[in-house]
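Reader: Could you walk me through reading a model like this one, step by step? I would like to begin with the overall picture and then go residue by residue.

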Amino acid sequence: MRKPIQDEFTGLAVSRQRKYQLRMQRDRRCTECGEPAAQGSRCLRHLIKARERQRTKRGLKRRYYGTLSYKLESKGKP
Ligand SMILES: [Zn+2]
């Protein structure tokens, strides 16, 4: 069997998924797919996915075009 990862998150009483997210955050990578994060905690693709998911869930109607995901979306590929 492979040796388990030993780092500062090893002993924490949280789920494996949460540890993965914490490790990705520490290495400045997307917490969902492990790609290098644009800014914040996710890559652009997942920033957009998360934004749209939250819109549906909360029933939002306005779009805040000043926010990070829109800015990155307008100048780069998704
Ligand atoms: Zn991602």
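Reader: What is the mean pLDDT of the chain, and what share of its residues reach 70 or more?

Author: Where pLDDT is low, predicted coordinates should not be read in detail. Here the chain has a mean pLDDT of 91, and 96% of its residues reach 70 or more. Confidence is highest in helix H1, residues 16-26, with a mean of 95, and lowest in helix H3, residues 68-75, with a mean of 89.

Reader: Which secondary structure elements does the chain have, and in what order do they run?

Author: The chain has three helices and zero strands. Read from the N terminus, the order is α-α-α. The radius of gyration is 16 Å, well over the 12 Å that the globule rule gives for 78 residues, so the chain is more spread out than a compact globule. Along the principal axes, the C-alpha trace spans about 50 × 25 × 20 Å.

Reader: How much of the chain is buried, and what share of the contacts comes from residues 24 or more positions apart?

Author: Of the 78 residues, 27% count as buried. Among contacts with a separation of 6 or more, 15% are between residues 24 or more positions apart. The accessible surface comes to about 6,400 Å², and 51% of that belongs to carbon and sulfur atoms.

Reader: How far apart are the mean positions of the positive and negative charges?

Author: There are 23 positive and 7 negative charges in the chain, and their mean positions are 5 Å apart.

Reader: Let me pick Arg23. Is it buried or exposed, and what does it touch?

Author: The cut-off for buried is under 20% relative accessible area. Arg23 has 15% relative accessibility, so it counts as buried. Beyond residues up to four places away in sequence, Arg23 touches Ile5, Asp7, Phe9 and Thr10. As for Arg58, it is 35 residues from Arg23 in sequence and 29 Å from it in space, C-alpha to C-alpha.

Reader: What follows H1?

Author: H1 is followed by Arg28, whose phi is positive. The value is near 55°, in a residue other than glycine. Arg28 sits in the loop between H1 and H2, and its relative accessible area of 56% makes it exposed.

Reader: Where does Asp27 lie, and how far is it from Ser41 in space?

Author: Asp27 is in the loop between H1 and H2. Its relative accessibility is 37%, so Asp27 counts as partly exposed. Asp27 and Ser41 are 14 residues apart in sequence, with 10.0 Å between their C-alpha atoms.

Reader: And Thr31, is it buried or exposed?

Author: Thr31 is buried, with a relative accessible area of 10%, although it is found in the loop between H1 and H2. Leaving aside neighbours within four places in sequence, Thr31 is in contact with Tyr20, Gln21, Met24, Gln25, Ser41 and Arg42. One of these, Met24, is a buried residue of H1.

Reader: Moving on to H2, where is Arg55, and which residues is it in contact with?

Author: Arg55 is in helix H2, residues 44-58. With a relative accessible area of 14%, Arg55 is buried. Apart from neighbours within four places in sequence, Arg55 is in contact with Leu60, Lys61, Arg62 and Arg63.

Reader: Last, Tyr70. What does it touch?

Author: Tyr70 lies in helix H3 and is buried, with a relative accessible area of 10%. Not counting residues up to four places away in sequence, Tyr70 touches Arg51, Glu52, Arg63, Tyr64 and Tyr65. Tyr70 and Arg51 are 19 residues apart in sequence, and their C-alpha atoms are 9.7 Å apart in space. Arg63 is also in contact with Arg55.

Note on methods. Residues are numbered from 1 along each chain as its sequence is written. This is a predicted model: local features need pLDDT of at least 70, side-chain atom pairs count only at pLDDT 80 or more; totals for chains, interfaces and linings use all residues. Side-chain values use heavy atoms; hydrogens and water are left out. Helices (H or I, at least four residues) and strands (E, at least two) are DSSP runs, numbered from the N terminus. The radius of gyration is taken over C-alpha atoms; the globule rule is 2.2 Å times the number of residues to the power 0.38. Buried means under 20% relative accessible area, exposed over 50%, partly exposed in between (1.4 Å probe, protein chains only). Contact means heavy atoms within 4.5 Å. Accessible areas come from the Shrake-Rupley method with a 1.4 Å probe; for residues, only the protein chains shown count as cover. Lys and Arg count as positive and Asp and Glu as negative; His and the chain ends are not counted. The place of a charge is taken as NZ of Lys, CZ of Arg, CG of Asp or CD of Glu. pLDDT is the predictor's confidence in each residue, from 0 to 100.
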